[in-house]
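Q: Hi, could you walk me through this one with me? I'd like to go feature by feature.

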Amino acid sequence: MVRIMARISALAGREPQLQSVLQDLVGPSRNEAGCVNYELFQNEDNPLEFVTIEQWSDQAAVDAHLATPHVGAAIARASELLAEPPLIHRFRQVIG
């Protein structure tokens with residue numbers, strides 16, 4: 001199992017547009033082979049910050065996800081909306 005957390009920060013005033021881009025990723029990502037879970041959150045204390053929490057069956061599923069047209073389109077659309085490059089972290093489960 002591969003677990004990923006991505007922190008995505010919007011430029012001030014651009015959070016509605018970034019939220020739209022990120023929301024458009026959820027459905028197609030959840031429908032991909034190997035997607036166990038894909039969730040999108042917005043920080044209540046800092047609405048410029050979004051986080052995705054993702055679970056994939058294996059690294060091949062992650063690689064396939066990153067190569068999809070919807071991910072490519074989202075990256076292109078989001079580039080002018082970001083305050084900084086996304087921070088992407090992989091996690092392993094310690095206790096389940």
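Q: How many aromatic pairs does a search of the whole structure find?
A: One aromatic pair turns up. Bear in mind that this is a predicted model, where local features need pLDDT of at least 70, side-chain atom pairs count only at pLDDT 80 or more, and totals for chains, interfaces and linings use all residues. Residues are numbered from 1 along each chain as its sequence is written, and side-chain values use heavy atoms, with hydrogens and water left out.

Q: Which residues form the aromatic pair?
A: Tyrosine 38 and tryptophan 56, in an edge-to-face pair with 6.5 Å centre to centre and 80° between the planes. For the cut-offs, rings of Phe, Tyr and Trp (its six-membered ring) pair if their centres lie within 6.5 Å, and planes under 30 degrees apart are stacked, over 60 edge-to-face, the rest tilted.

Q: And where in the chain are tyrosine 38 and tryptophan 56?
A: Tyrosine 38 sits in strand 2 (residues 35-42) and tryptophan 56 in strand 3, 18 residues apart, so the pair links distant parts of the chain. Helices (H or I, at least four residues) and strands (E, at least two) are DSSP runs, numbered from the N terminus.

Q: Is tyrosine 38 buried or exposed?
A: Tyrosine 38 is buried, and tryptophan 56 is too. Buried means under 20% relative accessible area, exposed over 50%, and partly exposed in between (1.4 Å probe, protein chains only).

Q: Switching to pockets: what volume does the largest pocket have?
A: About 460 Å³. On a 1 Å grid over the protein atoms alone, a pocket is an open set of points where a 1.4 Å probe fits, with protein on both sides within 12 Å along at least five of seven lines; lining residues have an atom within 4 Å of a point. Grid points are joined across faces, edges and corners, and the volume is the space filled by probe spheres set on the points.

Q: Which residues lie nearest the centre of the largest pocket?
A: Ala6, Val71, Ile75, Pro86 and Ile88, out of 21 lining residues. Helix 3 gives the most to the lining, with four residues.

Q: What's the lining like by class?
A: There are 16 nonpolar, three polar and two charged residues. Here Ala, Val, Leu, Ile, Met, Phe, Trp, Tyr, Cys and Pro count as nonpolar, Asp, Glu, Lys and Arg as charged, and the others, Gly among them, as polar.

Q: Back to helix 3, then. Which residues in helix 3 are buried?
A: Val71, Ala74 and Ala78. Down the axis of helix 3, its buried residues fall within an arc of 60°, so they line one face; the arc is that of the directions from the helix axis to the C-beta atoms. The face turned away from the buried side carries the exposed residues Pro69 and Ala76.

Q: And in helix 1, which are buried?
A: Leu18, Val21, Leu22, Leu25, Val26 and Ser29. Their arc is 155° seen down the axis of helix 1, so they also line one face of the helix. Valine 26 has a relative accessible area of 13%.

Q: One last thing: where is arginine 90, and is arginine 90 buried or exposed?
A: Arginine 90 is in strand 4 and is exposed, with a relative accessible area of 55%. The C-alpha atoms of arginine 90 and alanine 6 are separated by 8.7 Å, though the two are 84 residues apart along the chain.
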